[in-house]
Amino acid sequence: MPCQILLRTGLSTLTSLLLVVGGCTSAGGSAEAPRASERQRQESVRPGITVLLDDSVHLIRGKRIALLTNHTGIDERSRSDIDLLQSDPRAVAANVTLLKLFSPEHGIRGDEDRPNLAGGVDDRTGLVIHSLYAAATIGPPDSTLRDIDALVFDLQDIGTRTWTYVGNLVYSLRAAKRTGIELIVLDRPNPITGARRDGPLLDSAIANPEDPTPARPGRAYALFPFPLRHGMTMGEMARYYNDVLGIDARLRVVPMSGWRRTTWFDETGLPWVKPSPNMPSLTSALLYPSLVAFEGTNVSVGRGTADAFQRFGAPWLPARSVADLLNGRGLPGVRFVAEEFTPINPGDRKYGGRKIQGIRIVVEDRERVHTGRLGASILWALVQTSRDSLQITPLSFDLRFGSAAAREALLAGEDPDTVIDRDLPAVVAFERAARPWFLYR
């Protein structure tokens, strides 16, 4: 059955974006968003959970449902989806029965930073919680879905291809198809806007959108040839994957109202909650795609500090030299400051309790930041200054950055602008191909 979309007045099923392709060091092959001063003021955004209960409660009327969510599943007044779907008068009047919960990586409260999370019971509601994060992300087991009519999905995406919650989405689509239930996706903003895409694309040779099996582990953070910064919402990706992967689940997407592609999260009026323990702010979310690949190196990305993913460092790093190299490149929207920091109990176990040499990335114009170009330039600068000290786990780096060829070129000293621009045609092609699944202007 094809995907069905619920549209409110003023929402569009197709969005036509103007691609502005500029020079090497500014546009980088992305769809450029207008500056904040040039945009009209946005109305308050209503997330999918509010639209569901206000306007589309018939979708769950009289149904037995399960909910896949965590602490990010809240309405504009910070009320939990769990509480709303169990006890809100609108849900009660619709005779909705919430039977069970599913939780992704980091757990139902979003405060865990380890694998093999156990299930349990929700203290407030008494509902059973089924954990979907073992050694890695897994899908809902079919046996847990046979007593429900619909699985409701509400998780906050971060706008970067490496986010494991998207793996939960794809695996849930397949589980819904196998068991014949509906998957109802409650949409949320892309916090770093839906107005641009940055490469590299993930190499199809290392992508794996299939469900995890004992013979072949899943890659929830490396699913499909998406750009590093993809510019889509969770609801749009649900539509895309359901069709492009040929899953053909009974999918319903409940869109937001009031959101536009150029809207940053802090312009929505919605409360910011950390989507994971190391995502403290919108600035961290913006810079996350630039630094996430360095999880596969001996470089700290600031885990264990108050501003993770806004800094990087190591004991061997010649911080001032690296900062000078990077500032000399004139990267748009950012500057670099040499600054020591001390990770405290970092989840990646890198340099815990040690004061290390580091670089803080200062965002001066978020509209101009090109995340792929920034990440490539950082690797290039580390190679120029510290090639003998830098250690890289190739597959781990490639699964996040997206391309072994790009990594190898940067390690060989090739100019990062040239490396990133080589991927430009693929990023442009992706943007054009993805438009039919867009929901917002």
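This is a predicted model: local features need pLDDT of at least 70, side-chain atom pairs count only at pLDDT 80 or more; totals for chains, interfaces and linings use all residues.
Helices H8 and H10 cross in a right-handed sense. Two packed helices are described by the angle between their axes and the distance between the axes. Here helix H8 spans residues 371–386 and helix H10 spans residues 404–411; their axes come within 9 Å and cross at roughly 40°.

The residues that form this contact can be named on both sides. From H8, Ala376, Leu379, Trp380 and Val383 take part, and they meet Arg407, Leu410 and Leu411 of H10. Sorted by class, the contact of H8 with H10 comprises 6 nonpolar residues, 1 charged residue and no polar ones. Arginine counts as charged, and Arg407 is among the H10 residues in the contact.

The largest cavity holds about 100 Å³ of space. Its lining consists of 13 residues, and Thr72, Gln156, Arg188, Phe265 and Pro271 are the ones that lie nearest its centre. By class, the lining of the largest cavity has 8 nonpolar, 2 polar and 3 charged residues.

The second largest cavity has a volume of about 70 Å³. Lining this second largest cavity are Thr160, Arg161, Val166, Leu223, Phe224, Phe226, His230, Met237 and Tyr241. These lining residues divide into 6 nonpolar, 2 polar and 1 charged.

Methods. Residues are numbered from 1 along each chain as its sequence is written. Side-chain values use heavy atoms; hydrogens and water are left out. Axes are lines fitted to C-alpha atoms, for helices over the stretch in contact, and angles run from 0 to 180 degrees between N-to-C directions. Helices (H or I, at least four residues) and strands (E, at least two) are DSSP runs, numbered from the N terminus. A crossing is left-handed if the near helix is turned anticlockwise from the far one by less than a right angle, and right-handed if clockwise. Contact means heavy atoms within 4.5 Å. On a 1 Å grid over the protein atoms alone, a cavity is a set of points where a 1.4 Å probe fits but cannot get out, and a pocket is an open set with protein on both sides within 12 Å along at least five of seven lines; lining residues have an atom within 4 Å of a point. Grid points are joined across faces, edges and corners, and a volume is the space filled by probe spheres set on the points.
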